[in-house]
Amino acid sequence: MAVLSRFLIVVLGAAAVVGVPGVAAAEPPPVPAPQPPPPPNVNALAPVKLSEYAEMDNNWYAFTSTGLTCVLQKGNGYGCNGPIPGAPDGANLVSGSYGGVPAFANTASPVFAAAGAAKPLPAGSRISYQTVSCGNDGTATTCVDSRNQSGFVISPAGSFILNQDNPLQYRPEGTSPYFN
């Protein structure tokens, strides 16, 4: 009888284990992609005299920085052309309009060649026109539009667009671009 009861206990125990629904182990949440470092504060850099960088009959303010030619155009936009480290698809141009979000692109020829031999922007300085300021901190070239806080960073560590979603158009419900 003791053997029979042990046998029944084993059989019933096995049946209970088989009948219990499996417990799934939760997968750990995916690791978020690393965020780019915060951009340098371009407006903390020393301003240069805008007229010293005037080109194209004073319609452009052009400068060079780390192999790039960059331009702030009166009324049109801003951008840099040349070797851009870490740019998507090997892009050699990044540009945007005032109040818009810049983007990377590829060009067959230098877009800002008409600027000629533009003057270098010294390390630790910035050039500003309307709402856009571009600066050179000695390593990176950064342009930021104060209207929407969008812009770009070109750096040997990688290049990226700042605030790809315009905060004046796309923002979480209940937030304000004016009161954060």
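Analyst: A strand here is a DSSP run of E that is at least two residues long, with numbering from the N terminus, and two strands pair if DSSP finds at least two bridges between them. The model we are reading is a predicted one, and in it the hairpin of S10 and S11 has 4 residues between the strands, with Gln149 taking a positive phi near 60 degrees.

User: How should I read the pairing, and how many bridges join strand S10 to S11?

Analyst: Strands of a sheet pair through backbone hydrogen bonds, and the pairing is either parallel or antiparallel. Strand S10, residues 141-145, is joined to S11 by 5 bridges, and the two run antiparallel; within this pairing Val144 stands opposite Gly151 in S11. The residue with the positive phi, Gln149, is located in the loop between S10 and S11, is not a glycine, and counts as partly exposed because its relative accessible area is 43%.

User: Which strand does S11 meet through 3 bridges?

Analyst: That partner is strand S12, residues 160-162, which runs antiparallel to S11, and here Gly151 stands opposite Leu162.

User: Where do the side chains of S11 point, and are they buried or exposed?

Analyst: In a regular strand the side chains alternate between the two faces of the sheet. In S11, Ser150, Phe152 and Ile154 point one way while Gly151 and Val153 point the other way, and all of them are buried. Since 5 of the 5 residues of S11 are buried, the strand is largely enclosed by the rest of the structure.

User: Which residues touch the most other members of the largest nonpolar core?

Analyst: That core has 22 residues, and the members with the most contacts to other members are Leu72, Ile127 and Phe152. Strands S3, S4, S5, S8, S9 and S11 each supply at least two of its residues, and the largest share, 3 residues, comes from S4. There is also a second, separate core of 7 residues, among them Trp60, Ala62, Leu93 and Ala115. Returning to Phe152, and leaving aside neighbours within four places in sequence, its contacts include Tyr78, Cys80, Val94, Pro102, Cys143 and Phe160.

User: What is the order of the strands in the open sheet?

Analyst: The sheet has 6 strands in the order S2-S3-S4-S5-S6-S7, with antiparallel pairing, and its edge strands, each pairing on one side only, are S2 (54-55) and S7 (103-105). Inside this order, strand S4 (residues 68-73) is joined to strand S5 (residues 77-81) by 4 bridges, and the bridge partner of Leu72 in S5 is Tyr78.

User: Which residue forms a salt bridge with Lys119?

Analyst: The partner is Glu52, with the closest N and O atoms 3.0 Å apart, and the count of salt bridges comes to 1. Glu52 lies in the loop between S1 and S2 and Lys119 in the loop between S7 and S8, so the pair ties together parts that are 67 residues apart in sequence. Glu52 is partly exposed at 44% relative accessibility, and Lys119 is partly exposed with a relative accessible area of 35%. The charged end of Lys119 also sits over the ring of Tyr53, 5.1 Å from its centre.

User: Where is Gln130 found, and what is its phi?

Analyst: Gln130 is found in the loop between S8 and S9, and its phi is near 50 degrees, a positive value in a residue other than glycine.

Conventions. Residues are numbered from 1 along each chain as its sequence is written. This is a predicted model: local features need pLDDT of at least 70, side-chain atom pairs count only at pLDDT 80 or more; totals for chains, interfaces and linings use all residues. Side-chain values use heavy atoms; hydrogens and water are left out. A nonpolar core is a set of buried Ala, Val, Leu, Ile, Met, Phe, Trp, Tyr and Cys residues joined through side-chain atoms within 4.5 Å. Buried means under 20% relative accessible area, exposed over 50%, partly exposed in between (1.4 Å probe, protein chains only). Contact means heavy atoms within 4.5 Å. A charge sits over a ring if NZ of Lys or CZ of Arg is within 6 Å of the ring centre and within 35 degrees of the ring normal. A salt bridge is a side-chain nitrogen of Lys or Arg within 4 Å of a carboxyl oxygen of Asp or Glu.
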